[in-house]
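Hi,

Here is the structure I promised to send over. Have a look at it first, and my notes follow below.

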Amino acid sequence: MSMETSSRCCKVCVTGGAGFIGSWLVKKLLDKGYTVHATLRNLKDEARGSQYKSVTEAAIAGARNIAVSCIKSGTVKKLIYTASVVSASPLKEDESGYLDFMDETLWTPLNLQFSHANELHNTYTSSKTLAEKELLSFGNNGNGGGLEVVTLACGLVGGEMLLSSTSTLQTVSTLLSQITDNADGYYRLRFLEEINGKIPIIHVDDVCEAHIFCMLNPSVQGRYLCASSFVSSLEMANCYVKNHPEFHVKQEFLDGPKREIKWASTKLLQEGFVYKYDTKMILDDCVKYARRMGYL
Ligand SMILES: NC(=O)c1ccc[n+]([C@@H]2O[C@H](COP(=O)([O-])OP(=O)(O)OC[C@H]3O[C@@H](n4cnc5c(N)ncnc54)[C@H](OP(=O)(O)O)[C@@H]3O)[C@@H](O)[C@H]2O)c1
């Protein structure tokens, strides 16, 4: 998301406006009275990205292109990148265990082996981590001249969805994998808990509000972790047991790892941002959405 300002109004461009988070953000911005431009790629352009040797290389080049386009425009003031918290792992580099905190100072080392990761998880992690670093290099005092850059490293996003895209289904299936038989969702949840020590989650409405908050506050620049809950799979399982006894929670989640890792990321809160949704509200909205769509 990038923001252009003039004396009269504030124009916002949402890259990927047809996506899960993008569509929510566009709706929210329009509701608040902003002028919104959204980018949609040409789905028939099968050659897109084919000049790059790898998905990771394409992700870094994509991030760089967006930053360069913002600078070239001469009118874009602020660029906000939806990063992922997979870029910040409390795993120790010697793989001897976890640090006891999670915050913006951590970066996921790209040489670590995760027992629950498949090739897609590894590629996603390296792409998001390197693209985020690339964008931060364009921030103030970097290569970006006066461009203000924010990276919001978001936890797993849940809640009610507007669309039923692949990404939406992946996200919902991950959050509901404790009470369904979705194997892909199960491995994603296990992978997230392995890489982050626990599972950072956030409601899509809070994600969009956080983007807008970052856009409006000039002091917000640089890297921020963004999640309202940092729960173990055991805590998530107990939330389902307590609030949705109609579902069967897999026993292995009730026996899940008990790690003492503190969510020590307070940067966004210190800027004045307030999250509205807790774990129960996020899971309740996922269940509601899944029922509405006939997945549960
Ligand atoms: N969902 C989550 O739980 C979660 C958590 C943390 C971070 N994130 C991050 O949030 C962002 C949005 O995620 P999402 O779940 O909303 O995914 P999504 O539904 O797949 O949406 C991504 C959108 O970005 C567009 N896009 C991808 N690459 C592009 C490029 N090179 N140039 C222009 N547009 C491009 C896609 O367009 P097409 O439709 O043309 O492919 C799509 O509309 C991603 O960067 C993701 O890593 C998501």
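Cys239 is in no disulfide either, and its nearest cysteine sulfur, in Cys286, is 11 Å away. The structure holds zero disulfides. Cys226 is buried, at a relative accessible area of 0%, and Cys239 is buried too, at 13% (buried means under 20% relative accessible area, exposed over 50%, partly exposed in between, with a 1.4 Å probe and protein chains only).

A word on the source: this is a predicted model, where local features need pLDDT of at least 70, side-chain atom pairs count only at pLDDT 80 or more, and totals for chains, interfaces and linings use all residues. Residues are numbered from 1 along each chain as its sequence is written, and side-chain values use heavy atoms, with hydrogens and water left out.

As for the whole protein, buried residues make up 52% of its 296 residues. Its C-alpha atoms fill a box of roughly 55 × 45 × 45 Å along the principal axes. Of the contacts (heavy atoms within 4.5 Å) with a separation of 6 or more, 75% are between residues 24 or more positions apart.

The secondary structure comes to 10 helices and 11 strands (DSSP runs numbered from the N terminus: helices are H or I with at least four residues, strands E with at least two). Leu169 sits in helix α4, residues 166-175, and counts as partly exposed at 33% relative accessibility.

Best wishes

Technical notes
Disulfide = S-S within 2.5 Å.
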